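The sequence and structure are shown first.

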Amino acid sequence: SREVRKTVTVLFCDVSGSTAMGERLDPESTRRVMSRYFAAMRQAIERHGGTVEKFIGDAVMAVFGIPIVHEDDALRAVRAAADMRDALGGLNNELELDWGVRIESRIGVNTGEVVAGEGDSLTTGDAVNVAARLEQAAAPGETLLGEATYRLVRDAVRAEPVEPVVAKGKSEPLTAFQLRGLVEGAEFIPRRLDSPLVGRDNELAQLQRAYDHAVAERVAYQFTLLGPAGIGKSRLVRELVDRIDAELLAGHCLPYGEGITYWPLTEIDPLAREVDFEANRDEIALQTRRIVERLARERPLVVVFDDLQWAEPTFLDLIDHVTDLARDAPLLLVCVARPELLDVRPGWGGGKLNATTMLLE
């Protein structure tokens, strides 16, 4: 197989005090304890898109970025580390009840270039060694982040520097940061929207015309804004919102996770409170439409759904339902997405009289 070089984030997690636990328990009990521990850790890692490469004794090695690299692999790894801590807390309550033992672990996370076989999870490189050294230097219950990882996630985590780690085989001490927690709702790449907008007059005028049409005709209008990451889609929407007198509601789709189909609605206060998410898909779409109709009749409404390329098909159907069936309500639905949305839904917006799709160059 062909070898490939890629930037990944490596996570090492090791149990501290496993030797003492093995001395207290018989081999069968120790095996059951460790099997439950490994299962809980694997679940937390895979929930965030990581790949468990191997179990080494009582240590777990996981890689984020193999087989598929994601732009937020570093943040996924850090979130997985936090979830592993939470999962271990719940598991310890069960282990103490069943066997009278508790487990403590330490975690090291590092980002860097590695070499991996194509179609194979075997990973080698200095980034792997550094992650292992950080894990060994962490105290029980601690998570240490390498410098490269911290630079990538610093806007989304709470962390503080620790004493440089003197690692075996490294000519210089390693810079490390202790993870204290995650910043709720933080973006992986924070958006800076305070610079002047230049060269988007035509695009902004099209967006303004769509809003004016929705208000004048009291209809729902769907405006899809496509473009690669960082091209200025969110900035263009912000510029429109600053120029109009309308109520703004906004939610964004997540790239992975459990139960994320209606996540954008849970970020919008009126919808999160009033929609019954236990109902079937048709009922949820109906409730959503009636709520936004009511709000739009009180004041012109702009609803922004960001990162729609990650939306579940059911959620895309919900947006179509609102666009097609909303009545007597000045409503602009702004769908912000990367061009991959058209790979998932090639006919998105096609055939609608009240819909526009624009690609930002």
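The sections below describe, in turn, the nonpolar cores, a pocket and the salt bridges of this predicted model.

## Nonpolar cores

The largest nonpolar core comprises 37 residues, and the members that touch the most others are Leu11, Tyr37, Met84 and Ile103. At least two residues of this core come from each of strand S1 (3–16), helix H2 (27–47), strand S3 (59–64), helix H3 (73–99) and strand S4 (104–117). The greatest contribution is that of H3, with 10 residues.

Tyr37 illustrates the packing. When neighbours within four places in sequence are set aside, Tyr37 is in contact with Cys13, Asp14, Val15, Asp58, Val60, Leu88, Leu91, Ile103 and Ser105.

The volume of the second largest pocket is about 210 Å³. Its lining consists of 14 residues, of which Asn110, Asp126, Val130, Glu147 and Leu174 are the closest to the pocket centre.

S4, helix H4 (126–137) and helix H5 (147–153) each provide at least two lining residues. By type, the lining of this pocket contains 5 nonpolar, 5 polar and 4 charged residues.

The whole structure holds 27 salt bridges. In one of them, the side chains of Arg5 and Glu113 meet with an N to O distance of 2.8 Å. Because Arg5 belongs to strand S1 and Glu113 to strand S4, this pair ties together parts that lie 108 residues apart in sequence. Arg5 is exposed, at 60% relative accessible area, whereas Glu113 is partly exposed, at 46%.

## Salt bridges within helices

Asp269 and Arg273 form a salt bridge in which the closest N and O atoms are 3.3 Å apart. The two residues are 4 residues apart in helix H9 (residues 269–274) and are therefore separated by about one helical turn. Asp269 is partly exposed, with 48% relative accessibility, and Arg273 is exposed, with 56%.

A salt bridge also joins the side chains of Arg289 and Glu293, at 3.4 Å from N to O. These residues lie 4 residues apart in helix H10 (residues 281–298), so about one helical turn separates them. Arg289 is buried at 14% relative accessibility, and Glu293 is buried at 6%.

Key. Residues numbered from 1 in each chain as written. Predicted model: local features only at pLDDT ≥ 70, side-chain atom pairs only at ≥ 80, totals over all residues. Heavy atoms only, no water. Core = buried A, V, L, I, M, F, W, Y, C linked by side-chain atoms within 4.5 Å. Buried < 20%, exposed > 50% of the residue type's maximum accessible area, 1.4 Å probe, protein only. Contact = heavy atoms within 4.5 Å. 1 Å grid on protein atoms, 1.4 Å probe; cavity = no way out; pocket = protein on both sides within 12 Å on 5 of 7 lines; lining within 4 Å. Points joined across faces, edges and corners; volume = space filled by probe spheres on them. Nonpolar A, V, L, I, M, F, W, Y, C, P; charged D, E, K, R; others polar. Salt bridge = Lys/Arg side-chain N within 4 Å of Asp/Glu carboxyl O.
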